[in-house]
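User: Hi, I'm new to this one. Can you walk me through it?

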Amino acid sequence: MPETTLQDTEAREVLGADAAVFDPLVHNPKNGVTGGVWRVSTGRRSAVLKVLTRNKAATERWAASDEPRHWNYWRREAHVYESGLAQVWQPYGIRAPRLLALVERPDGDVALWLEDVPGEPASAWPLARHVEHARRLGAAQGAVRAGDHPWLSRRFLRQYIGGNTLGQELLDEDEAWRQPLVRDHFPPGLRREMVRLHHDREWFLQVLETLPRAFCHLDMWPANLRSDGPATVALDWSFAGDGALGEDLGNYLPDSVFDLFVPAARLPEYAAAAYDAYLQGLRECGRDIDERLVRLAVCASAVKYDWLTALMLARAGEEQLDYGGGRPISAELRYRERGLTLAFLAGWAAEARASAPELGFPVPPSGRHR
């Protein structure tokens, strides 16, 4: 619960009521940028309060940064809302919550008071709605240029995965791969492919950093989307910045399965349909681009999950919790679904290794073919 005097004063000014109830919302509590997220209700009206901070203790991995280009720059989301950039995709069916108020607090924190969007979360969407979102995303990213705002993230993926080092030494340890959860639920051959992905990490990053650019959300996953009638509302713009055209889609599809929103068994058909829809969106907006480069960006985005295999090796003996750490989930289910998804991403990586040299990129260190 936030400190009542300050929060109640803000709630009174924003919502026009003397009494307000603050209910915490699920978020990543490890991130040093996020002071907290609450749904604030007065009985007649409601809003979402998100506090941005650089004063919260956090591990080095999740520490807030004062560097505007850093992937975890603490004030970026406020800038995105202040500038109007959060709404530039609205003509294509994707928007941000409306900003009701932005409060600069005496302690240096920033309070974002946002529209409380009541629609269905994307974690409960049918596959057809996810595919439609991909079409809208393609149209939006094909049409919109964000401009060179000094607070947009740059080289996000390189920084993000570079800070995820937990368990990397386990990739080459036989005992780690013999743990029951890993042995029983990771597909045969996955170890070889994930070690290869790790070995080729720098090559993948260099490919992604030289592909056609787009304004990207860079945290595009179902927990950050809600429906608002036919429109889609995208939450949490704290990582927004420069990315490869197709990179957001390459994040969205596996994350739909990693967090158990879509069954891994449906990922191949889902990914194929969503990719076709994304290309359709690009064509609808008139973006003239070699579609092979878009496909390469989606496939090369597999490198974002280089760290995840090592993390799962490191945590195979721990209780498995859902996003936000609020409740335990089935360890067997998580490892089976994630193992299948990592194997799918190994296929993306192999496709990227094969196609990139045909498009003028160097052959990866581990070779072009399997």
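Analyst: We can start with the whole chain and then turn to single residues. Keep in mind that this is a predicted model.

User: How many helices and strands are there in the protein chain?

Analyst: The protein chain has 13 helices and ten strands. Its radius of gyration is 21 Å, close to the 21 Å that the globule rule gives for 370 residues, so the chain is as compact as a globular protein of that length.

User: What box do the C-alpha atoms fill?

Analyst: Roughly 65 × 50 × 40 Å, taken along the principal axes.

User: And what share of the residues is buried?

Analyst: Buried residues are 55% of the 370 in the chain. The accessible surface comes to about 15500 Å². Carbon and sulfur atoms account for 52% of that surface.

User: What about contacts along the sequence, how many join residues at least 24 apart?

Analyst: Take the contacts between residues at least 6 apart in sequence. Of these, 71% join residues at least 24 apart.

User: How many positive and negative side chains are there?

Analyst: There are 44 positive and 51 negative side chains. The centres of the two sets lie 3 Å apart.

User: Let's zoom in. Where is H217?

Analyst: H217 sits in the loop between β7 (213-216) and β8 (225-228).

User: Is that histidine buried or exposed?

Analyst: H217 is buried, because its relative accessible area is 0%, and the cut-off for buried is under 20%.

User: Which residues does H217 touch?

Analyst: Leaving out residues up to four places away in sequence, H217 touches W89, N224, A234, L235, D236, W237, F239, A240 and D248. The H217 side chain also reaches the backbone nitrogen of D219 at 3.1 Å.

User: D236 is on that list. What is its phi?

Analyst: The phi of D236 is positive, about 55 degrees, although D236 is not a glycine. D236 lies in the loop between β9 (231-234) and β10.

User: Which other residue has a positive phi, near 65 degrees?

Analyst: L260 has a phi near 65 degrees, and L260 is a residue other than glycine too. The place of L260 is in the loop between α9 and α10. L260 counts as partly exposed, at 30% relative accessibility.

User: What is F215 in contact with?

Analyst: Setting aside neighbours within four places in sequence, F215 is in contact with L85, V88, W89, Q141, A146, L152, W237, A240 and G241. W89, W237 and A240 are also among the residues that H217 touches.

User: How far is F215 from R105?

Analyst: They are 30 Å apart in space, C-alpha to C-alpha. In sequence, F215 and R105 are 110 residues apart.

User: New topic. What about S153, where is that?

Analyst: S153 is in the loop between α3 (127-143) and α4 (156-162). S153 counts as buried, at 0% relative accessibility.

User: What surrounds S153?

Analyst: Beyond neighbours within four places in sequence, the contacts of S153 are R69, H70, W71, R76, L218, F239, A240, G241 and D242. A240 and G241 are in contact with F215 as well.

User: Now helix α11. Which of its residues are buried?

Analyst: In α11 (residues 291-300), V294, L296, A297, V298, C299 and A300 are buried.

User: What do they pack against?

Analyst: The buried residues of α11 pack against α8 (201-210), β10 (241-244), α9 (247-258), α10 (267-284) and α13 (331-355).

User: Pick one. What does A300 contact?

Analyst: Aside from neighbours within four places in sequence, A300 is in contact with F204, L208 and A352. Its relative accessibility is 1%, so A300 counts as buried. A300 and N28 are 272 residues apart in sequence but 26 Å apart in space, C-alpha to C-alpha.

User: Last one. Where is A316 found?

Analyst: A316 is in the loop between α12 (306-314) and α13. A316 is buried, with a relative accessible area of 11%. Neighbours within four places in sequence aside, A316 is in contact with Q179, L181, V182 and Y335.

User: And how far is A316 from A343?

Analyst: A316 and A343 are 27 residues apart in sequence and 18 Å apart in space, C-alpha to C-alpha.

Terms used:
Residues are numbered from 1 along each chain as its sequence is written. This is a predicted model: local features need pLDDT of at least 70, side-chain atom pairs count only at pLDDT 80 or more; totals for chains, interfaces and linings use all residues. Side-chain values use heavy atoms; hydrogens and water are left out. Helices (H or I, at least four residues) and strands (E, at least two) are DSSP runs, numbered from the N terminus. The radius of gyration is taken over C-alpha atoms; the globule rule is 2.2 Å times the number of residues to the power 0.38. Buried means under 20% relative accessible area, exposed over 50%, partly exposed in between (1.4 Å probe, protein chains only). Contact means heavy atoms within 4.5 Å. Accessible areas come from the Shrake-Rupley method with a 1.4 Å probe; for residues, only the protein chains shown count as cover. Lys and Arg count as positive and Asp and Glu as negative; His and the chain ends are not counted. The place of a charge is taken as NZ of Lys, CZ of Arg, CG of Asp or CD of Glu. A polar contact is a pair of N or O atoms within 3.5 Å; within protein, one must be able to donate a hydrogen and the other to accept it, and residues adjacent in sequence count only if both atoms are side-chain atoms.
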